[in-house]
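I opened this notebook to record what I looked up in the structure shown below. The entries follow the order in which I went through it.

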Amino acid sequence: MRVLQLTTNAEATYVTNQVTALADRGVESDVLEVPRSGPDGRRVTDYLRFCPAVRSRDLAAYDLVHANFGLTIPAAVAQRRVPVVTSLVGSDLMGRFGGLTRGFARLCDDVIVVSPEMARILSGEVHVIPYGIDLELFRPMETDRARDVVDWPTDGRHVLFPYHPDRPVKNYPLAERVVERTANRAPYDVELHAISGVDYDLIPAYMNAADALLLTSNREGSPSTVKEALACNTPVVSTPVGDVPERVDSLTVSGVGESVDELATTLRCALDAADEPGGRDAVRPLGLDRMGERILAVYRRTVA
């Protein structure tokens with residue numbers, strides 16, 4: 001099977017992981033990225049220019065087009081030679097272009113979303129396939145060794161915020177308030193670390209160096225960072241967004257909360273816990289192999 005993958009970021013981990021997982025199952029992918037007209041992001045004209053770029057491909061060479069992210073759907077459905085599958089990731093469906101995405105998704109032959117919450121937004125049949133995670137890369141390692149790698153002190157407690165603080169939807173100010181409230185009640189120092197733009201191969205070390213991962217987003221789909229932390233057996237404390245409650249509800253050393261008090265109480269429990277949360281066992285079914293199998297099953301259904 002041969003697939004034309006459309007994306008807004010060909011280097012995004014979820015795209016490269018997906019292409020690799022499908023290649024392991026005999027699916028050949030060509031990846032086409034929406035062009036950029038300037039360094040400050042894309043304009044509407046970039047998405048309009050993407051439509052003829054897709055149509056100009058030798059589409060007879062493909063079995064289907066896979067539109068990864070809602071804003072790539074118009075270019076995918078602008079051609080009618082081969083069927084279209086789309087994967088929606090969260091912000092495309094629940095953000096400011098959500099109405100546009102819902103409208104164009106109806107024109108696709110099959111729709112994949114990453115969480116049950118997203119499936120409830122769409123009418124009709126959709127496939128819920130969370131992002132897969134690399135269980136070989138994300139695995140538990142000794143805490144002091146991880147802190148040496150990322151140059152964190154070995155004493156005190158360390159809380160990881162896995163996004164750039166300037167991204168409004170990630171709500172870093174709430175994370176600061178939660179950690180401040182926790183630190184005021186704890187007999188040890190608590191330090192909050194926000195990381196972004198670091199080499200992806202270093203992320204497992206940060207996950208293992210942390211005593212807990214704190215996610216305070218206003219909305220999410222199926223955040224990979226939560227599953228990656230759990231794969232490292234690092235506790236997760238989060239607002240109840242996307243599929244996070246489903247991931248942590250069965251764990252004793254993790255949890256969700258709405259308010260600063262709820263989050264701070266849950267974080268304190270995670271920092272005090274002597275036992276591992278058992279997160280790795282919980283996310284073991286979400287490996288890349290399983291994700292590849294499920295996406296390929298959708299492809300086969302689409303082209304049947």
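**Entry 1: surface charge**

I noted a negative surface patch made up of Glu 142, Asp 144, Asp 148 and Asp 151. The model is predicted: local features need pLDDT of at least 70, side-chain atom pairs count only at pLDDT 80 or more, and totals for chains, interfaces and linings use all residues. Residues are numbered from 1 along each chain as its sequence is written, and side-chain values use heavy atoms, with hydrogens and water left out.

For the patch I applied these terms: member residues have over 30% relative accessible area and no salt bridge, with like charges joined within 9 Å and nonpolar side chains (Val, Leu, Ile, Met, Phe, Trp, Tyr) within 5 Å. Areas come from the Shrake-Rupley method with a 1.4 Å probe, and for residues only the protein chains shown count as cover. A salt bridge is a side-chain nitrogen of Lys or Arg within 4 Å of a carboxyl oxygen of Asp or Glu. Lys and Arg count as positive, Asp and Glu as negative, while His and the chain ends are not counted. Each charge is placed at NZ of Lys, CZ of Arg, CG of Asp or CD of Glu.

I located Asp 144 in helix 7 (residues 143–150); helices (H or I, at least four residues) and strands (E, at least two) are DSSP runs numbered from the N terminus. Asp 144 is partly exposed because its relative accessibility is 38%, the classes being buried under 20%, exposed over 50% and partly exposed in between.

I traced an open sheet of six strands in the order 2-1-3-4-5-6, with parallel pairing. Strand 2 (28–33) and strand 6 (127–128) each have a single partner strand, so one side of each lacks a neighbour in the sheet. Two strands pair if DSSP finds at least two bridges between them.

Strand 1 (residues 2–7) is joined to strand 2 by six bridges, and Thr 7 has Glu 33 as its bridge partner there. Four bridges link strand 1 to strand 3, where Leu 6 is partnered by Ala 67. Ala 67 also has a bridge partner in strand 4, Thr 86.

Which way do the residues of strand 3 point? Leu 64, His 66 and Asn 68 point one way, Val 65 and Ala 67 the other, and all are buried.

**Entry 2: the five-stranded sheet**

I found an open sheet ordered 8-7-9-10-11, with parallel pairing. Within this sheet, three bridges join strand 9 (residues 212–215) to strand 10 (residues 236–238), and Leu 214 is partnered by Val 237.

Conventions: Buried means under 20% relative accessible area, exposed over 50%, partly exposed in between (1.4 Å probe, protein chains only).
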